[in-house]
Amino acid sequence: MRIVVLAGGVGAARFLLGVRRLDAEVTAIVNTADDLTLHGLRICPDLDSVMYTLGGGADAERGWGRAEESWTVSRELAAHDAEAPWFSLGDKDIATHLMRTRMLDAGYGLSDVTAALCRRWEPGVRLLPMSDDRVETHVVADFDDGQRAVHFQEWWVRHRAEPEARRFVFTGAADAKPGPGVLEAIGSADAVLIAPSNPVVSVAPILAVPGIREALREGPAPVVGVSPIIGGAVVRGMADRCLSTLDVEVSAAGVGGLYGARSEEGVLDGWLIDEGDSAEIPGVTVRSRPLWMTDPEATEAMAREALDIAEVAA
Ligand code: FO1
């Protein structure tokens, strides 16, 4: 059985720990619009969160970066008054960015670089960047000194998503091509799952790469999403701050409606929500069950339920 998962960062990594336990060939198509260049290094937070978590090297508490990390280089950079001291780069993490940047500079695509890094981490699923082309989320927000656009990471990390976001712009998306293997993976999948990631800044950028949304809508595989909202609240992160910018209700129903039914203009055939929530989305098979990813076994059960819906919805 071939499963494709549309993945952001932390929530998706946790979800993939469960999907990986299934007897299936799993491919994760990962958001790269969080990526940024700092100190001359290309940093790919969602790819790294998934790679480190599945590879057993992530700091589970933080959800990003490496376990047993040290921060010597970052402290030295701050002593030099280097850029973006608010974006903490651990010493071990910097090795990943050095390897990635060196390979990118040598002309390898991000998907080749990711495959090379995964030879060390052996995540147990195939990680495909949504695109090898540069796509970056910039946020137009109201700051004290007026409205301006900043890189997503500056809004998210430096400003903790406090400034009211007016718009999310996926710069470069219109000219980006799906990464190598992405359309083939979708076209040959038995099921496509949308991980419980941030719908606005993690899943939407993937769908914004020309060709990916169409491949999902026209492809043979049923598409089933897992709600990132439980009981009207985000499980982790600040997706609520993002949803309010789009005037989308912070609920399982709101996010399901945002993704939309394939039979309309959307991508969903199924929608898995928490047992305490409800959602009526015409054309979409909605099921509810406990959605707390307390451990890989619980997450595996969630993934199984999503596949059951895929079968029914197919
Ligand atoms: N998130 C933070 O809240 N603070 C940080 O200093 C930070 C540094 C960082 C470094 C590398 C990396 O791969 C991720 C990092 N993140 C940090 C997480 C990052 O902002 C993620 O993009 C978000 O968690 C959204 O996915």
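1. The ligand has 13 residues around it, and D34, D46, F87, S88 and Q153 come nearest; a residue counts as near a molecule if one of its heavy atoms lies within 4 Å of it. The model is predicted: local features need pLDDT of at least 70, side-chain atom pairs count only at pLDDT 80 or more, and totals for chains, interfaces and linings use all residues. Residues are numbered from 1 along each chain as its sequence is written, and side-chain values use heavy atoms, with hydrogens and water left out.

2. An N or O atom in the side chain of D46 is 3.2 Å from an oxygen atom of the ligand. For R160, a polar side-chain atom lies 3.3 Å from a ligand oxygen atom, while a polar backbone atom of W86 is 3.4 Å from an oxygen atom of the ligand. Taken alone, the ligand exposes 520 Å², of which the protein buries 89%; these areas come from the Shrake-Rupley method with a 1.4 Å probe.

3. The largest nonpolar core holds 53 residues, and L6, W155, F168, L216 and W271 touch the most other members. Such a core is a set of buried Ala, Val, Leu, Ile, Met, Phe, Trp, Tyr and Cys residues joined through side-chain atoms within 4.5 Å. Buried means under 20% relative accessible area, exposed over 50%, and partly exposed in between (1.4 Å probe, protein chains only). Helix α8 (residues 199–208) gives the largest share of this core, 5 residues. (Helices, H or I of at least four residues, and strands, E of at least two, are DSSP runs numbered from the N terminus.) A second, separate core of 42 residues includes A58, A116, L291 and A303.

4. Two strand pairings may be compared with the model; strands pair if DSSP finds at least two bridges between them. Strands β1 (residues 2–7) and β2 pair in the parallel sense over 6 bridges, and A7 has V30 in β2 as its bridge partner. In strand β2 (residues 25–30), 5 of the 6 residues are buried. Strands β6 (residues 136–143) and β7 (residues 146–151) pair in the antiparallel sense over 6 bridges and form a hairpin with 2 residues between them.

5. H39 has a phi near 50 degrees, a positive value in a residue other than glycine. H39 lies in the loop between β3 (36–38) and β4 (41–43), and is partly exposed, with a relative accessible area of 27%.

Terms used: A polar contact is a pair of N or O atoms within 3.5 Å; within protein, one must be able to donate a hydrogen and the other to accept it, and residues adjacent in sequence count only if both atoms are side-chain atoms.
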